[in-house]
Number of protein chains: 2
Amino acid sequence: MVRSRLSSEALAAGVLARERATLARAITLTESTLASHQVLAQEVLQRLLPRTGKAMRVGISGVPGVGKSTFIESLGLRLIERGHRVAVLAVDPSSQRTGGSILGDKTRMARLSLLGEAFIRPSPTGGHLGGVTRVTRESMLLCEAAGFDVILVETVGVGQSETVVADMVDCYLVLMLPGAGDELQGIKKGVLELADIIAVNKADGSTLDDARQARAAYQRALSILQPAGSWKPLALTCSAVSGDGLEDLWEQVRAHRRQLIDSGELVARREQQLVRWMWSMVDQMVLASLRDRSELQPLIMESEQAVRQQKMTALQAANALIKAWRGSHTHPVSSPEPTPRAP
Amino acid sequence: MVRSRLSSEALAAGVLARERATLARAITLTESTLASHQVLAQEVLQRLLPRTGKAMRVGISGVPGVGKSTFIESLGLRLIERGHRVAVLAVDPSSQRTGGSILGDKTRMARLSLLGEAFIRPSPTGGHLGGVTRVTRESMLLCEAAGFDVILVETVGVGQSETVVADMVDCYLVLMLPGAGDELQGIKKGVLELADIIAVNKADGSTLDDARQARAAYQRALSILQPAGSWKPLALTCSAVSGDGLEDLWEQVRAHRRQLIDSGELVARREQQLVRWMWSMVDQMVLASLRDRSELQPLIMESEQAVRQQKMTALQAANALIKAWRGSHTHPVSSPEPTPRAP
């Protein structure tokens, strides 16, 4: 239960004091759809903003079966040995369908979840990707205020989730399965463009050679892309099980970070992320008020159908939708949220 | 001059009768920002919609210097020899800055522009990409109604223009320059994901070998991407000057089309394009009414700054913007348009 009588001041203080229960409570507040909780959550965030932004934010994506949880646990344990405090968050829009969450079961990371220097939070369940994204972004800020200096944001890569995760982290890591020739796992469209580092996992035992061949193929592909910044994306191999390559991998994450800092790109990147985030919230709120208005659903279906069948131009259909929307313009905007979940 | 007294019926009839002057006039109407012209243009389009959709829609992108105009002219002349009627359109958001247009100078395609079976229309100048895109999409429909069975949509690939062009055509062709090893021209991020066919131009004379090496490199990169549909993107070489490879290239465009038709993907792809287009028009109209409202500009700048400096959360800033927008909610939406240009 969120005891709403707790003031934003007390909550912020508890988070800064690294109280796990208070951190969890603050995150639950951001997930709540109750207006009072939303207001409180934003007050807490505003108090904590000056204390955020210090962490290394690393996105990790990979298809089911690539060994993501083993990788994150193995990497997380090593980072904690080095003195880091590691938070693991997730963006999993699919959990709205399954009702579960890719990180719901902490036994997936049994050892990591037992450590005080680790904080594992499942993806918010349900709701639009926009709502899930907002909660994860805000959870990241809360974890940073609570002194976690490494944030690992996991995604299964459903729909646009890779893009939104890449747009909330400093470094985007893509895990791939070993494979050679025809068995080479194709890279999902869009991911190659986002990856700062591609790590071919399971570079051990009988799949070691395939992993090396896959790495070479991915490296060739990366090499002909114009890098978005000064960093040249690279591909390497690792084994989450044996731990081979994890040190090198983290060294590359740190090299990537140093380069972003030295070039001034880190500051610029984060500022751009924040401004894009603001506008995406505006977009989501405004458009959700049109797309989700129940009385507009029949017209939306008709319009899409008429456009599909070329009975109307897109502009005519768009104008009709907006006209109807303005007619029903009582509460034009609402914040994109996950479905209610009692805090 | 648009003689507005011309009825939509007369204009539609003129377009169907393949009158070039009427086609040009109808396109100019869609470019006009006058409300009366807009209404008339939409009436014309609605009359013609049943007669559209028959053409092969091919997007062609490539950096300046890749030889795009020579390529289009050379390909266009060949297609006309085969009995096709070819319209060349363009999406060039940069023309709003230069005031010119990548196709403004028809001498770029001197021979093609002289033929009655060819119709070359410059990119609409000025305005948002959304306005430019709408005009080009609607021009494409008008050209189809006027019996042009091949539509070539050119883009220089500024900003998001590749994406919007790819989303209005059946087949997306990317022209690349020859190069090997370090001189290999990097593929702009995102483009590799869109390309159905990559053609390395200037596969002639001293650059033939480099062109072949580049082709091989691009082919390798394409081969490890998961294709979005049943078509496996491929890379080939050609020479717009000598004409070498143009027949093969067009054969691949036709093979791509046959495959989309046989798999049912062509119908699905076009329907999805239309629905996405409708929603993008809604998005543009609604959000333009917020982003472009002059009285909101100071608040927009403040909000972006506050978010950048982490003085506000994105949600707080978004809420503030939307609140102010609702306060100034006189004419919430307007169609995204190129800057006025006297029809």
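This is a predicted model: local features need pLDDT of at least 70, side-chain atom pairs count only at pLDDT 80 or more; totals for chains, interfaces and linings use all residues.
Local features here need pLDDT of at least 70 and side-chain atom pairs count only at pLDDT 80 or more, while totals for chains, interfaces and linings use all residues. Residues are numbered from 1 along each chain as its sequence is written, chains are lettered from A in the order in which they are written, and side-chain values use heavy atoms, leaving out hydrogens and water.

**Where the chains meet**

Let's begin with chains A and B. Each gives 66 residues to their contact, where contact means heavy atoms within 4.5 Å. About 6000 Å² is buried between chain A and chain B, with carbon and sulfur atoms giving 69% of that area; buried area is the accessible area (1.4 Å probe) that two parts lose on being put together, summed over both. Between these chains there are 11 residue pairs in polar contact, both residues at pLDDT 80 or more. A polar contact is a pair of N or O atoms within 3.5 Å; within protein, one must be able to donate a hydrogen and the other to accept it, and residues adjacent in sequence count only if both atoms are side-chain atoms. On the side of chain A that touches chain B, α12(A) gives the most, with 14 residues. That side divides into 37 nonpolar, 16 polar and 13 charged residues.

**Salt bridges**

Side chains of opposite charge can pair when their charged atoms come close. A salt bridge here is a side-chain nitrogen of Lys or Arg within 4 Å of a carboxyl oxygen of Asp or Glu. The structure holds 31 of them over all chains, and 2 lie between chain A and chain B. The table gives examples.

| Salt bridge | N to O distance |
|---|---|
| B:Arg291 and A:Asp283 | 3.5 Å |
| B:Glu247 and B:Arg82 | 2.5 Å |

B:Glu247 sits in helix α11 of chain B and B:Arg82 in the loop between α4 and β2 of chain B, 165 residues apart.

**Two helix pairs in chain A**

Helices (H or I, at least four residues) and strands (E, at least two) are DSSP runs, numbered from the N terminus. The axes of α13(A) (residues 297-308) and α14(A) (residues 314-327) come within 9 Å and cross at roughly 175 degrees. That makes the two helices roughly antiparallel (over 145 degrees). Among the residues that meet are A:Leu299 and A:Val307 in α13(A) and A:Ala317 and A:Leu321 in α14(A).

Helices α4(A) (residues 68-81) and α11(A) (residues 246-262) pack at about 75 degrees, their axes 11 Å apart. They are therefore roughly perpendicular (65 to 115 degrees). Their contact includes A:Phe71 and A:Arg78 from α4(A), and A:Glu247 and A:Trp250 from α11(A).

Terms used. Axes are lines fitted to C-alpha atoms, for helices over the stretch in contact, and angles run from 0 to 180 degrees between N-to-C directions. Angles under 35 degrees count as roughly parallel, over 145 as roughly antiparallel, 65 to 115 as roughly perpendicular and the rest as oblique. Ala, Val, Leu, Ile, Met, Phe, Trp, Tyr, Cys and Pro count as nonpolar, Asp, Glu, Lys and Arg as charged, and the others, Gly among them, as polar.
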